[in-house]
Amino acid sequence: EHTLNLATELYGDRHPEVADLWGRIAGSQLVKNDPVGALSSYQKAASILLRSEGDQSLTTGVVLIQTGYAARSAGDAALARQCFEQAITALTAAVGETAAATADAHREFGLLLLQDGNVVAARTHLELALRTYMASDLNIRDGFEGHLAIAELELAEGRFAQAETHFEAMLLIARKVFGPQSDAVVTTTGMLGTIAFERGRKQESLNRLQEAVAIARQIHNQDDWHLAIALSWLAAAYHAQGDYLAALPLQREAVEINLRAAERILPALSESEGIEFIQGAYRGRDMLVSNFRRMSNVASADVYRYVWQVRALVTRLAEDNRRFHLADPTSQSQLDELRAVRRQLATVALAEITSSDAETYHQQLTTINERKESLERQVAARVPQIARQRMQSKSDFNAVVNELPSDVAVVDFLRSTISDNGTYLYDA
């Protein structure tokens, strides 16, 4: 910032050197997890370059791509689309349509169009990017992402054969670039197994998915969520074929991995981050319940044990944290600040705004929310061992049963994440 002031004084506020410094400041803001600040800085850099170098220069195009990335991180999809579209124009004029930088702009713009449901336009941009990437070995890593973007497009349209072609190409790239034992190979092999199942090649599907699990076991320890995902893929294939006995141990292992991961990770997350993280455990639980329902001679306690272990993890953890800090005088000031920030966030979120205030409102809301989540992480970090003990101690739901009067029952309503359990209450 000191150098920026000197450069502005020396060259004026429209010089490319000043734009470069704004770009460097934006980079440091991204490192500090400040996407809103980074977006503002990149916008200043782009504005300077558009005035000083015009809308057809390489530097302008590159900064517009960076601004688009920052806008997307800050949740402003409309601005991101505008930036990537401007970047395509600038880079096509400066370095041609087949340059790698131009391909990057086409890819990102195409992905945003796909999110908007504009499949036809998205395909044009994504295929152009892929052709550029695959024309040179220097861009082969980008080619992996290019194939992935088009494969997702094909899947969205139900074109499994075309998607499979792209995933096959991705697998070759993944083995060459990332190595035969890598997460990229696990994910791509798993997707090929899933597509093979959809196309009726059941044994090939199982072979692919078993390979994905074997690689995941080799590169990850037994508590890694990547392994849980691979196990879930294979379990889903067995489940769909009616082989519930084969699916059951895989589903159990996946759920238990997710629970152990939650034990380690949830105490360090904010509440909203925790809710997002725990969705994998919920889906694993629901797949396991779905499998149990189709098996005979299953003890209800065995089924409910998994429901009990997963239920309200984030809420219970937050409540434990609050109890601890209320009993700890040294933590009271931090808890008071968190309450104040939450009240401020609620006030701002409910405020009426005009279109002219929208940008300022969005930045204020983002800043307050980031402060809230930072405080929640700090609060949680003080009592991780208590959180772990709490999660371990709730493993026995029979303690609750034993406290109930003989004429009282507790009914636990479960919202399932999969449609397969839609009639669960009727079955029960």
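Asn297 sits in the loop between helix H15 (279-293) and helix H16 (300-310). The model is predicted. Asn297 has a positive phi of about 60°, although this residue is not a glycine. Its relative accessible area is 80%, so Asn297 counts as exposed.

Now the whole chain. The protein chain holds 22 helices and zero strands. It has 428 residues, and 42% of them count as buried. Take the contacts in the chain with a separation of 6 or more: residues 24 or more positions apart account for 62% of them.

Next, two helix pairs. Start with H5 and helix H6 (residues 100-115). Their axes lie 8 Å apart, and the packing angle is about 155°. Angles over 145 degrees count as roughly antiparallel, so H5 is roughly antiparallel to H6. The crossing of these two helices, H5 and H6, is left-handed. On the H5 side, the contact is made by Ala77, Ala80, Arg81, Phe84, Glu85, Ala87, Ile88, Leu91, Thr92 and Val95. H6 contributes Ala101, Thr102, Ala105, His106, Glu108, Phe109 and Leu112. By class, the contact of H5 with H6 divides into 11 nonpolar, three polar and three charged residues.

The second pair is helix H10 (residues 183-198) with helix H11 (residues 202-219). Here the angle is about 160°, and the axes are 8 Å apart. That makes H10 roughly antiparallel to H11. The crossing of H10 and H11 is left-handed. From H10, the contact draws on Asp183, Val185, Val186, Thr189, Gly190, Leu192, Gly193, Thr194, Ala196 and Phe197. From H11 come Lys202, Glu204, Ser205, Arg208, Leu209, Glu211, Ala212, Ile215, Ala216 and Ile219. The contact of H10 with H11 has 10 nonpolar, five polar and five charged residues.

Now the rings. With ring centres within 6.5 Å taken as the cut-off, the count comes to three aromatic pairs. One of them is formed by Tyr69 and Phe84. The geometry is edge-to-face, with 5.6 Å centre to centre and 70° between the planes. Tyr69 lies in helix H4 (residues 58-73) and Phe84 in helix H5 (residues 77-95), so the pair ties together parts that are 15 residues apart in sequence. Phe84 also belongs to the contact of H5 with H6. How exposed are the two partners? Tyr69 is at 28% relative accessibility and therefore counts as partly exposed. Phe84 is at 0% and therefore counts as buried.

Phe144 and Phe178 form another aromatic pair. This one is edge-to-face too: 5.5 Å centre to centre, with 75° between the planes. Which parts of the chain does the pair link? Phe144 is in helix H8 (residues 140-156), and Phe178 is in the loop between helix H9 (160-177) and H10. The two residues are 34 residues apart, and the pair links distant parts of the chain. Phe144 has a relative accessible area of 8%, so this residue is buried. Phe178 has a relative accessible area of 32%, so this residue is partly exposed.

Methods. Residues are numbered from 1 along each chain as its sequence is written. This is a predicted model: local features need pLDDT of at least 70, side-chain atom pairs count only at pLDDT 80 or more; totals for chains, interfaces and linings use all residues. Side-chain values use heavy atoms; hydrogens and water are left out. Axes are lines fitted to C-alpha atoms, for helices over the stretch in contact, and angles run from 0 to 180 degrees between N-to-C directions. Helices (H or I, at least four residues) and strands (E, at least two) are DSSP runs, numbered from the N terminus. Angles under 35 degrees count as roughly parallel, over 145 as roughly antiparallel, 65 to 115 as roughly perpendicular and the rest as oblique. A crossing is left-handed if the near helix is turned anticlockwise from the far one by less than a right angle, and right-handed if clockwise. Contact means heavy atoms within 4.5 Å. Ala, Val, Leu, Ile, Met, Phe, Trp, Tyr, Cys and Pro count as nonpolar, Asp, Glu, Lys and Arg as charged, and the others, Gly among them, as polar. Rings of Phe, Tyr and Trp (its six-membered ring) pair if their centres lie within 6.5 Å; planes under 30 degrees apart count as stacked, over 60 as edge-to-face and the rest as tilted. Buried means under 20% relative accessible area, exposed over 50%, partly exposed in between (1.4 Å probe, protein chains only).
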